[in-house]
Amino acid sequence: MDPPYPDGLNSSHQNEEHSLPFDPQAALLLAMICHSYDRWLPPESNRIVAPASLGIQMHVSFLKRPWSAFLVTAALGCLAIASGAVVEVRLHALLPQLKVSLSTPTPVVAPGVPPQFRWPTQGQAAVAIPSLSMNAIASTPDERAVPIASLAKLMTAYLVLQRFPLAIGSPGPVLTMTIQDQQQYDNDVAEDQSSVEVTAGERLTEYQLLQALLTRSANNVAQLLSSWVAGSESSFVAEMNQTAHRMHLTNTHFADASGFNPETKATAQAVATVAAMDMRNSVFDQIVDEHTVTLPLIGTLPNIVARIGTANVIGIKSGYTIWSGGCAAIATVERTASGAMPAVAIVLDQQGPGSLHHAATIAEQLADEAGSSVVRVIGARAHHVLGSIHIPWLRNPNSTANLTLSRGFNAVLWPGQKITYHLHLKASTTLLGSSLGVVAGYLVASWPMHTEKIPVTTSRAIPLPTSWWRIEHG
């Protein structure tokens, strides 16, 4: 007995022409199935016409026997299911990767050549710009280690602030002076060392002690602070030398915390590196720029370096012993077309009458010359185009989104210093469906002591592809 007609197909439908929305691949498969029956199906048949857009017409013969129609109907059902499965897979496939074209900016080199510094005719000197280099940017040739007197306190202050950091406006821990601290002051006075009077039971903050160390160059305070930080001055001195080694300061050796010992030696280049490091600490910078200092017991006294607080001098320290001669570390801020630029100069081993004054004068001139030699360069311009994203489902000229810098920046450099660039973009698929101006990544610009991170944004919205595009290109 012949099988019954399936639901939705009976003899009354056999003379109708149907338009079936087949996928091209499904229609081709149906044509192949039907073709295999052509050799035994009667030539006279009804027609089922696939959509004209598919460009395929299929002639299916329905025999008077109902089981033949059932076979064709089953084939159509299978193909409809397969076609639906293909559509489902393509609609839920991973979103396509966008084609991204990029051009990272080439490095920018500051123009010009460094100045020919007027170095002292005796001793040695070096200059540093704290905001542009970790080390001295220039120094006299053939330097050798010489006694540096109280400039050793620059390393002492650095280690104290490393162990017990201070914020601007914070006095820090309070130390109670002991009888040993008072005796140390008496001993230093007897040896004609620079010192600040303390008495047993007196209470001084860390900030006040750093003021005494740096503005009054108190040797007894250097010893007091070294014992507080490391337990003893000898342990502290060991830390000073370890730090110098980590900083790659060659020809440098510390024998005490104050610099009174003639075996505490360094080069001008090494001292400039320490001074520049200190000047990057805002609390240190504030203390060494004080023209006077007021302490509980001694009242108000001037900074030993009389130049500090006058003209454009903003710090930092001087030193003198019969072994070292005149030594000075002077920082100035030069106001140029490139902006305010602090610079520090170190002068060591100045001998003869007025050697301390002479060292400070030369250091101030060198610092001014260094600060006025910096160069202002344009690091990047706002809206500069770094590349583009091609959106294949949009038509030209709307199929491209530019990648542009959201802002520009300027940089101050030493002649010959370089700005380098690295471009970091998000995965393109994360930008699908984004609006105009979305952040697509960052341009990172780097130059000595500085890094600038600039957002990279899109010049247009990036819509999701349509369902039909995904079915067609899936």
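These legends walk through several close-up views of a predicted model.

**View 1. The whole chain, before zooming in.** Let's start with some totals for this predicted model. The chain has 474 residues, and 46% of them count as buried. Its secondary structure comes to 11 helices and 20 strands. Take the contacts in the chain with a separation of 6 or more: residues 24 or more positions apart account for 68% of them.

**View 2. An open sheet built from 7 strands.** Follow the strands across and you get the order S1-S15-S16-S20-S19-S18-S2, with antiparallel pairing. Which strands stand at the edges? They are S1 (99-102) and S2 (108-109); each has a single partner strand, so one side of each is left without a neighbour in the sheet. For S1, the pairing with strand S15 (residues 385-390) is antiparallel and runs over 4 bridges. Look for Lys99, which stands opposite His390 in S15.

**View 3. Strand S20 and its pairings with S16 and S19.** Moving along that sheet, strand S20 covers residues 450-458 and pairs with strand S16 (residues 400-405) over 3 bridges, in the antiparallel sense. Here Thr404 has Thr457 in S20 as its bridge partner. Strand S19 (residues 439-447) also pairs with S20 in the antiparallel sense, this time over 8 bridges.

**View 4. The hairpin of S9 and S10.** This view takes in strand S9 (residues 292-295) and strand S10 (residues 299-302), which run antiparallel and are joined by 4 bridges. A hairpin carries the chain from S9 to S10 through 3 residues. To get your bearings, find Thr292 and its bridge partner in S10, Pro302.

**View 5. Helix H6 against helix H3.** Helix H3 (residues 153-163) packs with helix H6 (residues 219-230) at an angle of about 35°, and their axes are 10 Å apart. The crossing is left-handed. From H3 come Lys153, Val160 and Arg163, which meet Asn219, Ala222, Leu225, Trp228 and Val229 in H6. By class, this contact has 5 nonpolar residues, 1 polar and 2 charged.

**View 6. Helix H6 again, now with helix H4.** Helix H4 (residues 179-190) and H6 cross at roughly 145°, and their axes come within 9 Å. Is this crossing left-handed or right-handed? The crossing of H4 and H6 is right-handed. On the H4 side you'll find Asp181, Gln184, Tyr185 and Asp188, and on the H6 side Asn219, Asn220, Gln223 and Leu224. The contact of H4 with H6 divides into 2 nonpolar, 4 polar and 2 charged residues. Asn219 turns up here and also in the contact with H3.

View 7. Ala329 belongs to strand S12 (residues 325-336). Why does Ala329 count as buried? Its relative accessibility is 0%, and buried means under 20%. Leaving aside neighbours within four places in sequence, Ala329 is in contact with Leu151, Leu154, Gly315, Ile316, Lys317, Ala345 and Ile346. Glu364 is 35 residues away along the chain, yet its C-alpha atom is 8.5 Å from that of Ala329.

**View 8. Ser318 in strand S11.** Strand S11 (residues 313-321) is the place of Ser318. With a relative accessible area of 11%, Ser318 is buried. Setting aside residues up to four places away in sequence, Ser318 touches Ser150, Leu151, Ser217, Ile304, Val305, Cys327, Ala328 and Leu356. Leu151 is one to look for in both views, as a contact of Ser318 and of Ala329.

View 9. The last stop is Asp349, in strand S13 (residues 339-350). Is Asp349 buried or exposed? At 17% relative accessibility, Asp349 counts as buried, because the cut-off is under 20%. The side chains of Asp349 and Gln351 are joined by a polar contact of 2.7 Å. Beyond neighbours within four places in sequence, Asp349 is in contact with Gln122, Gly123, Arg144, Val146, Ser324, Gly326 and Cys327.

Terms used
Residues numbered from 1 in each chain as written. Predicted model: local features only at pLDDT ≥ 70, side-chain atom pairs only at ≥ 80, totals over all residues. Heavy atoms only, no water. Helix = DSSP H or I, 4+ residues; strand = E, 2+ residues; numbered from the N terminus. Buried < 20%, exposed > 50% of the residue type's maximum accessible area, 1.4 Å probe, protein only. Contact = heavy atoms within 4.5 Å. Axes fitted to C-alpha atoms, helices over the stretch in contact; angles between N-to-C directions. Left-handed = near helix turned anticlockwise from the far one by under 90°. Nonpolar A, V, L, I, M, F, W, Y, C, P; charged D, E, K, R; others polar. Pairing = 2+ DSSP bridges. Polar contact = N/O pair within 3.5 Å; in protein donor to acceptor, adjacent residues only side chain to side chain.
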